[in-house]
Amino acid sequence: MDEKFKSDFYTFRNQVQQYTDRFHDMTEEATKNAIIMPFFVMLGYNVFDLNEFIPEYTCDVGTKKGEKIDYAIALDGDVSMLVEAKRAGIKLQKQQQSQLYRYFGVSRCRIAILTNGVTYQFFSDINAPNVMDEEPFFSFHILEDDPEIFLSALARFRRSEYNEKEIINKAIFQKYEKVVQKMLRQDMVSPSNEIVRYFLSSPEINIGSKITSKMVEKYREATANALKKYFARGLTPAETHESCIASVVKENYPSTETKVTEPLESPLKAETVVVESEVPVEETVVPSPQELMQSIQSIVSELLPESECKEENGEQFSRLHIYASDNRKIGVVKVSWDDYHIQFRNMANGMAQVYEMTNVSELRKYIAI
């Protein structure tokens, strides 16, 4: 990613920040002119070329003729992206996707964008050909998400870099990785029949008979315990924190010399923690997304008893929007489910201060600011 694009993005982001107080009464037309069109200008598209950036693009849907979508982006004469725009103050939910869903089904393009100027959701047809997926394969909030996390992915949508096939292939692999991680998390709580049978079929186990349903049930708990112990240091926010790993081992086994080679980024990287002598690992309970969000809400309620929280859930992450008693947004907690990474954006003083953490208890010192 070149530095010019990065600089252009931050300039655009600062401009959007200036409109924050006006989001609640900003019309859709104002949102298009002040935010959405400049966003695509930043990506290198000529919004004044009607052959490339087509406003009010006609999409006939069934018996409905003359249905129009806000924008269609055409490259080399073919429509490559559809864009449905909403006003800045509206929250993007399933009902806002319905119109874009209908348009997507009658077009040939494979990328559709739903945006309110600050949140951008990118959809494709990964699950079924010519049927828009229910969940976006890529999404971000201009002001609330850390640009360093999504900027390289956004760069692939620049006009000069746009390659539909590469973008969709990347999305397919990302989905595969997320499904694998989700299945691993589920199997660490309650292993599936398939994974228990897989381990029982190992020649090293040598059960000496046909694997029956009764045997699968008998070894399910042992399989769960083995998986938990193997991935123990990557299961929870507390366990993935480098200092916590070292302190827990030293506290329980003071004679053991521990060396952490690098911070853990995800449960699948647990092998990067090297303990120089074998240490029994205590069984770890895997928190569900609901349990972790409940813990966060409890901390917020304890420290900010007058606040109101609104939860937003997605396949990749969850957000907890925190509002003061006067309906002023004072912060956002975001949890990324790929690695249980936690981000808190403090907005109480009118300036967004971002704090990164991997332990839910760390929220106490940041929310209390």
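**Close-up 1. Lys-86 and Glu-84, a buried pair in the predicted model.** Both Lys-86 and Glu-84 are buried. Their side chains form a salt bridge. The closest N and O atoms lie 3.4 Å apart.

**Close-up 2. Asp-2 and Arg-158 join distant parts of the chain.** A salt bridge connects the two side chains, at 2.6 Å from N to O. Asp-2 sits in the segment before helix H1 (3-17). Arg-158 belongs to the loop between helix H4 (147-155) and helix H5 (164-189). The partners are 156 residues apart. Arg-158 has 11% relative accessibility, under the 20% limit, and therefore counts as buried. Asp-2 has a relative accessible area of 36%, so it is partly exposed.

**Close-up 3. Lys-32 pairs with Glu-56 in a salt bridge.** Here the closest N and O atoms are 4.0 Å apart. Lys-32 is buried because its relative accessibility is 6%, under the 20% cut-off. Glu-56, at 42%, counts as partly exposed.

**Close-up 4. A salt-bridge network includes Lys-32 and Glu-56.** Glu-28, Glu-29 and Asp-70 are its other members. Salt bridges link these five residues, Glu-28, Glu-29, Lys-32, Glu-56 and Asp-70, into one network. Across the predicted model, the count comes to 16 salt bridges.

Notes
Residues are numbered from 1 along each chain as its sequence is written. This is a predicted model: local features need pLDDT of at least 70, side-chain atom pairs count only at pLDDT 80 or more; totals for chains, interfaces and linings use all residues. Side-chain values use heavy atoms; hydrogens and water are left out. Helices (H or I, at least four residues) and strands (E, at least two) are DSSP runs, numbered from the N terminus. Buried means under 20% relative accessible area, exposed over 50%, partly exposed in between (1.4 Å probe, protein chains only).
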